Amino acid sequence: ADPLFTSGTGPADHIQRTKLFGNINAFAYYFAELLVGTPPQRVSVIIDTGSGLCAFPCVGCSHCGKHLDLPFDRNASNTSQVL
């Protein structure tokens with residue numbers, strides 16, 4: 001198991017937990033790493049407390065800026081779907 005990610009212990013506990021990185025004073029943001037898709041791909045997301053959006057760059061995206069992780073590859077995921 002990846003030490004950055006933990007799951008709840010009960011069957012009704014669908015909460016996933018991850019570490020928060022960054023510094024609001026030094027960088028003006030926090031970010032977290034998520035595992036997305038099957039098989040899982042690591043993606044980094046900026047935590048924006050003023051928004052309900054959570055986005056990360058996908059392969060082929062040219063306007064999402066530079067991120068720590070490789071872009072998400074939809075074609076490499078068995079569970080990916082466009083919403």
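**A walk through the sheet**

Let's start at a turn: Ala 28 has a positive phi near 70° in the hairpin of E3 and E4, which leaves 5 residues between the strands. Strand names like these (E, at least two residues) are DSSP runs numbered from the N terminus, as are helices (H or I, at least four residues). Keep in mind that this is a predicted model, where local features need pLDDT of at least 70, side-chain atom pairs count only at pLDDT 80 or more, and totals for chains, interfaces and linings use all residues. Residues are numbered from 1 along each chain as its sequence is written, and side-chain values use heavy atoms, with hydrogens and water left out.

How far can you trust it? The pLDDT, which is the predictor's confidence in each residue from 0 to 100, averages 77 over the chain, and 83% of the residues score at least 70. Among the elements, strand E1 (residues 5-7) has the lowest mean, 53, while strand E5 (residues 41-47) has the highest, 85. Where pLDDT is low, the predicted coordinates should not be read in detail.

Now back to the hairpin. E3 and strand E4 (residues 29-36) run antiparallel and are joined by 4 bridges; two strands count as paired if DSSP finds at least two bridges between them.

The hairpin of E4 and E5 has 4 residues between the strands, and here Gly 37 takes a positive phi near 85°.

What holds Glu 33 and Arg 42 together? Their side chains meet in a salt bridge at 3.1 Å, N to O. The rule asks for a side-chain nitrogen of Lys or Arg within 4 Å of a carboxyl oxygen of Asp or Glu, and by this rule the count comes to 1. Glu 33 is buried at 12% relative accessibility, whereas Arg 42 is partly exposed at 30%. The cut-offs are under 20% relative accessible area for buried, over 50% for exposed, and partly exposed in between (1.4 Å probe, protein chains only).

Lys 19 lies in the loop between strand E2 (16-18) and E3, and is partly exposed at 47% relative accessibility. Lys 19 and Ala 32 are 13 residues apart in sequence, yet 6.3 Å apart in space, C-alpha to C-alpha. Leu 20 is in strand E3 (residues 20-23) and is exposed, with a relative accessible area of 52%.
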